[in-house]
Amino acid sequence: QVQLVESGGGLVRPGGTLRLSCVASGTFSSIDFMAWYRQFPGKQRELVAEISRGGTIKYSDSVKGRVTISQVNAKNMVSLQMTNLKPEDTAVYFCNANIDSGDAYYTTWGQGTQVTVSS
């Protein structure tokens with residue numbers, strides 16, 4: 001089983017910068033995609049950004065230009081650099097990964113990290 005551990009959330013002022021990191025650990029053959037989602041209170045999780053093992057990147061329109069996703073394949077790690085943060089970015093951010101265990105494909109989630117943008 002793969003575990004995703006997130007770090008880097010917290011309180012930041014509007015216009016500030018925050019970097020989230022997620023590391024995958026456990027037994028698997030490969031990670032095909034890693035992504036960041038966020039969830040507002042009472043809402044479903046929405047995609048923020050995703051990156052494939054080959055480096056193909058997708059951003060949601062709401063964060064495009066303010067967010068950069070990057071990965072270190074050798075370390076099974078993905079990061080999300082967020083700049084010019086706005087109060088409406090306040091949410092719980094979740095790391096997501098599509099795993100190839102060698103026997104099957106499955107999706108797994110981290111526990112979530114709170115990001116609060118407030119003055």
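Modeller: Before we start, one term: buried means under 20% relative accessible area, exposed means over 50%, and partly exposed lies in between, with a 1.4 Å probe and protein chains only.

Colleague: Thanks! Is Cys22 buried or exposed?

Modeller: Cys22 is buried, because its relative accessible area is 0%. Cys95 is buried too, also with a relative accessible area of 0%.

Colleague: What should I know about the model itself?

Modeller: This is a predicted model, where local features need pLDDT of at least 70, side-chain atom pairs count only at pLDDT 80 or more, and totals for chains, interfaces and linings use all residues. Residues are numbered from 1 along each chain as its sequence is written, and side-chain values use heavy atoms, leaving out hydrogens and water.

Colleague: Back to the cysteines. How many disulfides does a search of the whole structure find?

Modeller: The search finds 1 disulfide (a pair of cysteine sulfur atoms within 2.5 Å). Cys22 is joined to Cys95, with 2.1 Å from S to S. The pair links distant parts of the chain, 73 residues apart, with Cys22 in strand β3 and Cys95 in strand β9. Strands here are DSSP runs (E, at least two residues), numbered from the N terminus.

Colleague: And which hand does the link of Cys22 and Cys95 have?

Modeller: The link is left-handed, with -85° about the S-S bond.

Colleague: New topic: which strands form the open sheet?

Modeller: The order is β1-β3-β8-β7, with antiparallel pairing (two strands pair if DSSP finds at least two bridges between them). β1 and β7 stand at the edges with a single partner strand each, so one side of each has no neighbour in the sheet.

Colleague: How many bridges join β1 to β3?

Modeller: There are 6 bridges between β1 and β3. As one example, Val2 has Gly26 in β3 as its bridge partner.

Colleague: What about the largest nonpolar core?

Modeller: The largest nonpolar core has 28 residues, and Met34, Trp36, Leu80, Met82 and Tyr93 have the most contacts inside it. Such a core is a set of buried Ala, Val, Leu, Ile, Met, Phe, Trp, Tyr and Cys residues joined through side-chain atoms within 4.5 Å. β9 gives the most to this core, with 5 residues.

Colleague: What does Leu80 touch?

Modeller: Not counting residues up to four places away in sequence, the contacts of Leu80 (heavy atoms within 4.5 Å) include Trp36, Val48, Ile69 and Tyr93.

Colleague: Last one: is Leu11 buried or exposed?

Modeller: Leu11 counts as exposed because its relative accessibility is 65%. Leu11 is found in strand β2, residues 10-12.

Definitions and conventions. Helices (H or I, at least four residues) and strands (E, at least two) are DSSP runs, numbered from the N terminus.
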